[in-house]
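Have the viewer open as you read.

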Amino acid sequence: MTFKLGPRAAGYRLTAFDQTGSTNVEAMLSARAGERGPMWFVTTEQTAGRGRRLRPWVAPRGNLASSILEVIDVAPALAATLGFAAGLALEQALRKLSIEAALRMAGSDGLNFSLKWPNDVLAGRSKLAGILLEAEAMVGGGLAVVVGIGTNVVAAPEGTPTPATSLKALGIDISAEELFAALSDGWAEFREVWDDGRGFGEIRRLWLERAAGLGQAVAIKSGSTLIEGIFDTIDEQGCMIVRTSDGNLVPITAGDVYFGSVSSAGAV
């Protein structure tokens with residue numbers, strides 16, 4: 001199969017690679033060369049990708065590595081909330097395709113997917129996909145925003161902080177190309193809702209409906225700092241709000257989230 005945009009992704013363009021080091025790098029290099037997007041950069045084999053905190057994100061042949069580039073006139077803090085729209089787009093695509101796969105296998109239900117703050121898509125408690133945003137101010141004006149979305153289609157890494165899984169391991173037999181078409185449609189839909197940040201209130205509402213661990217105990221590790229409490233909500237800036245045992249509401253801007261207590265989650 002070849003990569004194609006979905007029918008709702010009118011106005012978007014696509015660059016596909018047989019193999020590349022990183023679709024995020026390719027996207028940002030294109031922005032520096034004058035590309036303003038919106039353009040997708042996709043491959044089924046990524047050899048030098050990275051996730052948050054410079055962790056490696058290698059996509060073996062058959063997985064989906066995809067990045068969307070847009071040059072927009074918004075503040076970096078507001079652009080960061082695009083990650084929540086990306087999570088919604090991917091969750092919708094996965095839910096649609098899993099239902100179709102279940103029907104093909106004479107089943108009746110798809111799998112349950114959820115969104116883990118700040119940037120993961122889960123199947124059950126296992127990580128299925130990760131999202132990485134990068135931004136850079138352009139010399140001619142505007143902010144180049146690259147949203148990288150990596151999904152484990154046929155294989156998942158081992159030994160990760162959060163257990164990982166793949167669509168194949170879950171019994172969902174689809175290709176990276178099929179997933180990308182559905183993802184590009186979902187992105188077009190939720191990017192329109194986001195509307196350069198003006199629609200983040202609605203994105204926030206929809207994201208919270210799909211949030212993993214909402215109202216439950218969480219532990220957040222950021223460097224040497226550990227915070228425990230109840231995942232209360234996300235605020236208007238996309239920060240996780242944790243209600244601690246003394247009743248304080250603590251905004252979390254970054255960190256690794258573990259469900260349950262620190263000791264039971266293995267965060268220490």
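The largest nonpolar core has 63 residues, and Trp40, Val147, Leu179, Trp187 and Trp207 have the most contacts inside it. Helix α3 (residues 82-104) gives the most to this core, with 11 residues. Apart from it lies another core, of 10 residues, with Ala27, Met28, Phe41 and Val71 among them. A nonpolar core here is a set of buried Ala, Val, Leu, Ile, Met, Phe, Trp, Tyr and Cys residues joined through side-chain atoms within 4.5 Å. Buried stands for under 20% relative accessible area, exposed for over 50%, and partly exposed for in between (1.4 Å probe, protein chains only). In soluble globular proteins, nonpolar side chains tend to be buried together.

A word on the source: this is a predicted model, where local features need pLDDT of at least 70 and side-chain atom pairs count only at pLDDT 80 or more, while totals for chains, interfaces and linings use all residues. Residues are numbered from 1 along each chain as its sequence is written, and side-chain values use heavy atoms, with hydrogens and water left out. Helices (H or I, at least four residues) and strands (E, at least two) are DSSP runs, numbered from the N terminus.

**Around β3**

Strand β3 (residues 64-72) is mostly covered, with nine of its nine residues buried. One side carries Leu64, Ser66, Ile68, Glu70 and Ile72, the other Ala65, Ser67, Leu69 and Val71, and all are buried. Strands count as paired if DSSP finds at least two bridges between them.

| Partner of β3 | Sense | Bridges | Residues standing opposite |
|---|---|---|---|
| β2 (residues 39-43) | antiparallel | five | Val42 and Ser66 |
| β7 (residues 143-151) | antiparallel | nine | Val147 and Ile68 |

Val147 is worth a click. Leaving aside neighbours within four places in sequence, Val147 is in contact (heavy atoms within 4.5 Å) with Asn24, Ser66, Ser67, Ile68, Leu82, Ala86, Ile131, Leu132, Leu133 and Trp187.

**Pocket and cavity**

Both searches run on a 1 Å grid over the protein atoms alone: a cavity is a set of points where a 1.4 Å probe fits but cannot get out, a pocket is an open set with protein on both sides within 12 Å along at least five of seven lines, and lining residues have an atom within 4 Å of a point. Grid points are joined across faces, edges and corners, and a volume is the space filled by probe spheres set on the points.

The second largest pocket comes to about 560 Å³. Its lining has 26 residues, of which Ala80, Thr81, Pro118, Leu133 and Thr253 lie nearest the centre. Strand β6 (126-137) supplies at least two of the lining residues, as do α2 (76-79) and α3, and the largest share, five residues, comes from β6. By type, this lining splits into 16 nonpolar, seven polar and three charged.

Gly83, Phe84, Gly87, Leu115, Lys116, Pro118, Asn119, Asp120, Ile131 and Trp207 line it. Helix α3 gives the most to this cavity lining, with three residues.

The peptide bond from Gly37 to Pro38 is cis, with omega near 0 degrees, and Pro38 is in the loop between α1 and β2. Another cis bond joins Trp117 and Pro118, with omega about 0 degrees; Pro118 is in the loop between β4 and β5 (120-123).

Asp195 has a positive phi near 50 degrees, and Asp196 one near 55 degrees. Asp195 lies in the loop between α4 (176-194) and α5 (200-209), and Asp196 is found in the loop between α4 and α5 too. Asp195 counts as partly exposed because its relative accessible area is 32%; for Asp196, also partly exposed, the value is 25%.

Phe231, in strand β9 (residues 225-234), is buried because its relative accessible area is 1%. Ser30, in helix α1 (residues 23-32), counts as partly exposed at 22% relative accessibility.

Technical notes:
Nonpolar A, V, L, I, M, F, W, Y, C, P; charged D, E, K, R; others polar.
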